[in-house]
Amino acid sequence: MIDQLQRAYNFNAGPSALPLDVLKKAQEELVDFRGTGMSVMELSHRSAAYEEVHNQAIALLKELLSIPDNYEVLFLQGGASLQFSMIPMNFLKPEQKAAYVMTGSWSEKAFAEAKLFGNPYHSASTKDGQYRQIPKFEELQYNTDDAYVHLTSNNTIYGTQWKDFPVIEGVPLIGDMSSDILSRPFDVSKFALIYAGAQKNLGPSGVTVAIIRKDLLEKANTNIPTMLKYSTHAKNNSLYNTPPTFGIYMLGEVLNWVKGLGGIHEITKRNEEKAKLIYDAIDLSNGFYNGHAEKDSRSLMNITFRLKDEELEKKFLAEAKKEGFIGVNGHRSVGGCRASTYNAVPYETCKAFSEFMVQFQQTNG
Ligand SMILES: *Cc1c(COP(=O)(O)O)cnc(C)c1O
């Protein structure tokens with residue numbers, strides 16, 4: 001209980017909250033990891049003790065996301081941002097096209113990197129509507145000779161999220177799932193490649209997860225640096241060079257925590273309940289709070305909203321800060337307010353925030 005009280009109301013967008021149970025276990029094991037007389041950080045990455053941690057994390061991710069056998073799970077570095085470059089480097093040829101679905105700042109960054117290697121184009125874009133929406137499936141354009149179709153499953157900055165994913169026939173579908181992986185079940189087999197920086201839903205920063213269909217590995221370009229080939233990491237079980245061992249250990253413990261709660265369906269239920277608390281405060285405010293995302297595209301992970309003018313917004317953010325709510329300001333590129341309610345953010349944190357919103361409205365409405 002005391003521990004709970006000392007924990008901040010953490011709505012940071014990334015790096016973000018980690019489960020308290022996981023932090024405590026890591027603390028317990030820090031100086032003597034399971035009888036080895038050293039911390040996980042001090043183990044050789046070639047040791048049996050570390051390999052068990054590594055392989056268990058891979059196995060747990062496969063189990064929790066029901067990843068089929070024809071996929072490899074890779075642990076990479078460089079964040080999701082390096083994936084923006086690695087994808088076209090591996091799979092786009094100079095004369096080839098790739099279709100990018102534009103739903104926010106991260107799609108724009110991914111698109112810009114692809115331009116360095118080939119001819120990306122917009123499959124669809126909701127930019128004209130301030131990225132308030134996810135496009136309809138029938139709006140997506142692509143051709144069967146495109147190298148791939150790329151989408152961003154959850155738009156961390158604008159607060160929109162795909163509710164379901166399209167079936168893309170004849171072209172590999174690639175998904176940036178950095179901010180909603182493991183928050184809900186989805187059909188992995190619709191994708192040829194999924195990637196995610198760990199620091200939102202999976203663990204600490206420094207690890208990037210890639211889930212790649214094996215046949216895609218064979219189609220990759222070969223004239224690229226060894227470390228930037230997916231096949232290098234696939235062939236070596238992500239142990240070609242020294243992996244971020246402590247981050248992978250933490251990721252494994254976060255996965256264990258999710259499994260212990262009851263798995264992905266239980267996590268989804270919790271995420272829906274948490275987000276509802278805050279969306280209700282917006283929807284029942286009679287326009288005092290204005291959600292940025294259209295209702296059909298609302299994210300369960302990043303809840304974005306504005307108040308009627310910047311002055312009131314400033315006051316809201318200052319009072320939120322005073323009450324101990326951390327990370328509620330919107331991304332520096334768009335302003336406004338944002339509550340990131342990732343897997344590890346407790347229900348109580350969201351409840352306290354929704355109550356704060358109601359109370360602020362009562363005194364300032
Ligand atoms: C945070 C984020 C990124 C950037 O991740 P880094 O690991 O910092 O490179 C990319 N895409 C999405 C959707 C994100 O939320």
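How many residue pairs are in polar contact across the interface of domain 1 and domain 2? Hi everyone, let's work towards that.

A word on the ground rules. This is a predicted model, where local features need pLDDT of at least 70 and side-chain atom pairs count only at pLDDT 80 or more, while totals for chains, interfaces and linings use all residues. Residues are numbered from 1 along each chain as its sequence is written, and side-chain values use heavy atoms, with hydrogens and water left out.

The chain splits into domain 1, residues 24-260, and domain 2, residues 263-364; such bounds come from an automatic or database domain assignment. Taken over C-alpha atoms, the two centres are 27 Å apart. Domain 1 brings 28 residues to the contact and domain 2 brings 26, where contact means heavy atoms within 4.5 Å.

Between domain 1 and domain 2 the buried area is about 2200 Å², with 53% from carbon and sulfur atoms. That figure is the accessible area (1.4 Å probe) that two parts lose on being put together, summed over both.

Now back to my opening question: the rule finds 18 residue pairs in polar contact across this interface, both residues at pLDDT 80 or more. A polar contact is a pair of N or O atoms within 3.5 Å; within protein, one must be able to donate a hydrogen and the other to accept it, and residues adjacent in sequence count only if both atoms are side-chain atoms.

On the side of domain 1 that touches domain 2, β7 (160-161) and α8 (245-261) each supply at least two residues, and α8 gives the most, with three. Helices (H or I, at least four residues) and strands (E, at least two) are DSSP runs, numbered from the N terminus.

One salt bridge is counted between the domains. Lys 136 and Asp 296 meet in a salt bridge through their side chains, at 3.7 Å from N to O. The term means a side-chain nitrogen of Lys or Arg within 4 Å of a carboxyl oxygen of Asp or Glu. The whole structure holds 16 salt bridges. Lys 136 and Asp 296 are 160 residues apart in the chain.

Finally, two backbone details. Most residues other than glycine have a negative phi, and most peptide bonds are trans. Here, a cis peptide bond joins Gly 14 and Pro 15, with omega about -10 degrees, and Pro 15 is in the loop between β1 (9-10) and α2 (20-29). Tyr 131 is not a glycine, yet has a positive phi of about 55 degrees; look for Tyr 131 in the loop between β4 and β5.
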